[in-house]
2 protein chains.
Amino acid sequence: MQGYDKHAFEPFAVTVDLAVFTIRDGALHVLLVERGQEPYAGRWALPGGFVLPDESAEAAAGRELAEETGIADVGRLHLEQVRTYSDPDRDPRMRVVSVAFAALVPDPPEVHGGGDAARAAWLPYSPATYRPLAFDHDRILADAHDRIGAKLEYTGLATAFCAPEFTLGELRQVYEAVWGAELDPANFRRKVVGTAGLVEAVPGAARLTGGRGKPAALFRAGTASALHPPLLRPAPEGQTS
Amino acid sequence: MQGYDKHAFEPFAVTVDLAVFTIRDGALHVLLVERGQEPYAGRWALPGGFVLPDESAEAAAGRELAEETGIADVGRLHLEQVRTYSDPDRDPRMRVVSVAFAALVPDPPEVHGGGDAARAAWLPYSPATYRPLAFDHDRILADAHDRIGAKLEYTGLATAFCAPEFTLGELRQVYEAVWGAELDPANFRRKVVGTAGLVEAVPGAARLTGGRGKPAALFRAGTASALHPPLLRPAPEGQTS
């Protein structure tokens, strides 16, 4: 537009931050990087970086993830916006507004540091052990964890973390890993069977699970893209589900 | 931070856009402004504007709403982030990244234009009648509408649009207005009664509704902040709820 001076205003920078989760050895893990530059050099942080002039936040998220962690097949990740963080003092360099994304991915690739990241690693989701993260990333990580927990409520995403045929006990362990809560097996079975499209029984198939009980029936992923009704997390204190 | 030149990079601007909905005369309405300046002068748009150097996106949203529409008591609105829009070409002036918010408010105040807005008005939610909005606001408005529809599924917000004591028919009209769908009265009653904490019966109270049936029982808002299970919108085609 003619006559518009874009340098007349206090400049903002826009960044992206990515909270990418996976399940390893039955436990929820998150992808973190060690910052190789100031500010917060040497501190753990979420991968991310500056949005370039010719790209959207979504495009920047994929590029930064590849640069800083070596994850090449970003298209598979289904990065989802969590929210945007814009407190005036959240970055010591200048006004930086950050668009945060979350993803929960099966079969995580190995990662290695690059770009601004001295190293990259899948760490167990246990924020107390690496807090404080750089910037306001503790808060972003907590919000992102809540978002993927909610995503398991209303989609069949959890089945992507099981083999093609699985027992309900194996599926339950995925929910337990992400939600950080033990679930009652009988109650879980009742909810899963009552949630249309989440799983389908594999007729006649069963698996010996090593316990004293009868072999466990096998299931495969259902076809629903959204769950009706959702499969809800255990209710917070004071509520009943 | 010393040595960091914030003017060395292509500048971004950050804006906020607000999709504020209400129910008037039983119909969903949205608050729009007529742009008083280029670009898109004379076009309808969502209220909003530039985030200032010393404020967060949330603070900017409240300030812009007051300036452009005269809504003073912004604290009551419970503005919720929808998502952030960052396509490189979405604003002809420069790189503008916009954080979008949505709210659904009872008892809407009268509004009047101000700031960059030539006028402000509550218009029926009927996008075809004022499309295309300025910028990418058609898309933002659609996303925000979807968000408030979802909010009615998992909170008791709908009861805020009824009198302190209401019939289930009155409550159903709120859901119908927001979701843009007719709901089966018997099915709706069954769902509402089965959703813990949404409503409470007012013992012994009933209201003649003018029909030939018996007087309708009266209810008041329940105490749950989140609904377990949620009260779901009619499922999209191909799904059963």
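1. **Ground rules.** Residues are numbered from 1 along each chain as its sequence is written, and chains are lettered from A in the order in which they are written. In this predicted model local features need pLDDT of at least 70, side-chain atom pairs count only at pLDDT 80 or more, totals for chains, interfaces and linings use all residues, and side-chain values use heavy atoms, without hydrogens or water.

2. **Fold of chain A.** Chain A has four helices and nine strands. Helices (H or I, at least four residues) and strands (E, at least two) are DSSP runs, numbered from the N terminus. Their order from the N terminus is β-β-β-β-α-β-β-β-α-α-α-β-β. The C-alpha atoms fill a box of roughly 75 × 40 × 35 Å along the principal axes.

3. Of its 241 residues, 50% count as buried. Buried means under 20% relative accessible area, exposed over 50%, partly exposed in between (1.4 Å probe, protein chains only). Take the contacts (heavy atoms within 4.5 Å) between residues at least 6 apart in sequence: 66% join residues at least 24 apart.

4. **Interface size.** In the A–B interface, 42 residues of chain A touch 42 residues of chain B. The buried area is about 3600 Å², with 61% from carbon and sulfur atoms. That area is the accessible area (1.4 Å probe) that two parts lose on being put together, summed over both.

5. The rule asks for a side-chain nitrogen of Lys or Arg within 4 Å of a carboxyl oxygen of Asp or Glu. Glu58(A) pairs with Arg83(B) in a salt bridge, closest N and O atoms 3.0 Å apart. On the chain A side, strand 1 (12-24), helix 1 (57-69), strand 5 (80-85) and strand 6 (95-104) each supply at least two residues that touch chain B.

6. **Leu28(B).** This residue sits in strand 2 (residues 27-35) of chain B. Leu28(B) counts as buried because its relative accessibility is 5%. Beyond its neighbours within four places in sequence, its contacts include Phe21(B), Leu104(B), His145(B) and Val178(B). Tyr175(B) is 147 residues away along the chain, yet the two C-alpha atoms are 9.9 Å apart.

7. **Cysteines.** The whole structure has zero disulfides, a disulfide being a pair of cysteine sulfur atoms within 2.5 Å. Cys162(A) counts as buried because its relative accessibility is 16%. For Cys162(B) the value is 15%, so Cys162(B) counts as buried.
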